[in-house]
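Okay, thanks for coming, everyone. Let me put the structure up and walk you through a few pieces of it.

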Amino acid sequence: MPFEPLVPGQVGIYNCGPTVYDWQHIGNLYAYLVADVVRRSLEYLGYRVTQVMNITDVGHIVGDLDEGDDKMEVAARRERKDPLALAQMYTERFFVDRRKLNILDPLFVVKATEHVPQMIALIERLIEKGHAYAAADGVYYDVATFPGYGTRLNAELPEERMAGARVEVNPNKRHPQDFALWRAAKPGDLQQWDSPWGRGNPGWHIECSAMSMEYLGETFDIHSGGQDHLFPHHECEIAQSEGATGKPFVRYWMHNRFLRVDSAKMAKSAGGFYQLGDIESWGFDPLAFRLLTLGTSYRKGVDFAREGLASAQARLDRWRSLVGEARQTTAAAAAGQEDAIRRRFVEAIADDFNTAKALAAAEDAVALLTSPEGADRARGLGLLFDMDRVFGLGLEAWTAQATALDDDVRALLDERAAARARGDYARSDQLRDELRRRGYLVKDTKEGQRWERIPPHKKEES
Ligand SMILES: [Zn+2]
């Protein structure tokens, strides 16, 4: 399916953001890595991208449907914190993790609690159009008024549909599948607002309809989320937005499959999953996790295991080391538009963001780095730095940092070169050990000594 944005040259993207009541596990972070690669790819291809992500800090009920309590309320009581303070804390932690993974900040990061008036206005529109009705305990969407409700996105996922069928009968609803747009406040609710239907709080689904249309318009290009959002969340968004506007809501939906740990799916509600901090405590660089996720299509998801992470780390170390070494002798050449390797890379990302194929093109660029020809090495560097705008591995920044030497380190290297030149190998070995203590690994090659900065996760071993 060819991609045609609403406005030529521009793309609006909405990513369903986190409910900030706990740490995000790596399965959640994977969805934001996918969104980041999509945004970077479109920018690489020349589009002007407006990326919007919400922060759900109210209204996400435990059961994802209409039963149970608000996740924010439950966590606020658990941690004895004000819900907004709790949301602030977990939002900050989420952004720390994102930055470790080199995930770019969206242009707009929008909080549900700051958009309640827009949600109320949208609910009023739905009532006017006959798609919603006020009841004793809130306002509900009447699914019978929206033909095709629940079938627009996920015909191939019957298990999700079945989950939606297990709804407790609520006598206030016209139809058991009707979902809440607004819930009347219960005694003791920590978050509540005035509305035409009394004090209460918004449903989770209405947040994303209201905020996406506020920033991107009533019809926009790309809406993404994990496969767990297909139903009910995104089906409800379609019913709400198209019910209110009478226009198509989203041109392209993108859903990543789960990150699977030992083949079991990682869903947030089940609890007890790995966090980015676990990956770091095992001695891996967060960017090795990023590289691991680039190895398969978002449509297939990722199998997460220690061995896979270790080979991603080895690949990242190899790339960094080769790039760092090539950089000591060669400046990067600008990536030529007609370069055959670059062309394969562009074809790969333009083909539904096929990062696995793009990595294969990158390996051909890496192979150039060890060429005896300076021009090949310069081409390899230029290609890799260019591709890394999409991969987001920070290669150029890392090597720039790794090739900047303190004067005293430079002096030790010069002294060691001089010692070797006069055949004083005892002194040269001494200096090699001193350099290692300072975090530099020295190798002797035919063209003289080469050095690299030892990555932080390897310092203990060396
Ligand atoms: Zn959403």
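So, start with the open sheet: five strands, in the order β3-β2-β1-β8-β9, with parallel pairing. At the edges sit β3 (108-111) and β9 (250-256), each of which pairs on one side only. From one strand to the next, the twist averages 20°. Two strands pair here if DSSP finds at least two bridges between them. Helices (H or I, at least four residues) and strands (E, at least two) are DSSP runs, numbered from the N terminus.

Quick word on provenance. This is a predicted model, where local features need pLDDT of at least 70 and side-chain atom pairs count only at pLDDT 80 or more, while totals for chains, interfaces and linings use all residues. Residues are numbered from 1 along each chain as its sequence is written.

Back to the sheet: β1 (residues 10-15) and β8 (residues 220-226) run parallel and are joined by three bridges.

Next, His60, in the loop between β2 (48-55) and α2. Is His60 buried or exposed? His60 counts as buried, because it has 21 C-beta neighbours inside 10 Å. The cut-offs: buried takes 20 or more other C-beta atoms within 10 Å of a residue's own, exposed is 12 or fewer, partly exposed is in between, and C-beta atoms are placed from the backbone. Leaving out residues up to four places away in sequence, His60 touches Thr19, Asp70, Lys71, Met72 and Trp204. A contact means two C-beta atoms, placed from the backbone, that lie within 7 Å. Arg427, on the other hand, is 367 residues from His60 in sequence and 65 Å away in space, C-alpha to C-alpha.

Now helix α3, residues 83-100. Its 18 residues should span 26 Å at 1.5 Å a residue, and the end C-alpha atoms are 26 Å apart, so the two agree. That expected span is 1.5 Å times one less than the number of residues. Which residues of α3 are buried? They're Pro83, Leu86, Ala87, Tyr90, Phe94, Asp97 and Arg98. Looking down the axis of α3, its buried residues fall within an arc of 105°, so they line one face of the helix. The arc is that of the directions from the helix axis to the C-beta atoms. Over on the other side of α3, you get Ala85, Glu92, Val96 and Arg99, which are exposed. What covers the buried residues includes α1 (26-44), α2 (71-78) and α8 (276-281). And just after α3, Asn102 takes a positive phi of about 60°.

The buried residues of α12 are Thr355, Ala358, Ala361, Ala362, Ala365 and Leu368. They cover an arc of only 115° around the axis, so they end up on the same side of α12. The face turned away carries the exposed residues Ala356 and Glu363. The buried residues of α12 pack against α1, α9 (286-294), α11 (340-350) and α13 (374-391).

Zooming out to finish: the protein chain has 16 helices and 14 strands, and 44% of its 462 residues count as buried.

Key
Axes fitted to C-alpha atoms, helices over the stretch in contact; angles between N-to-C directions.
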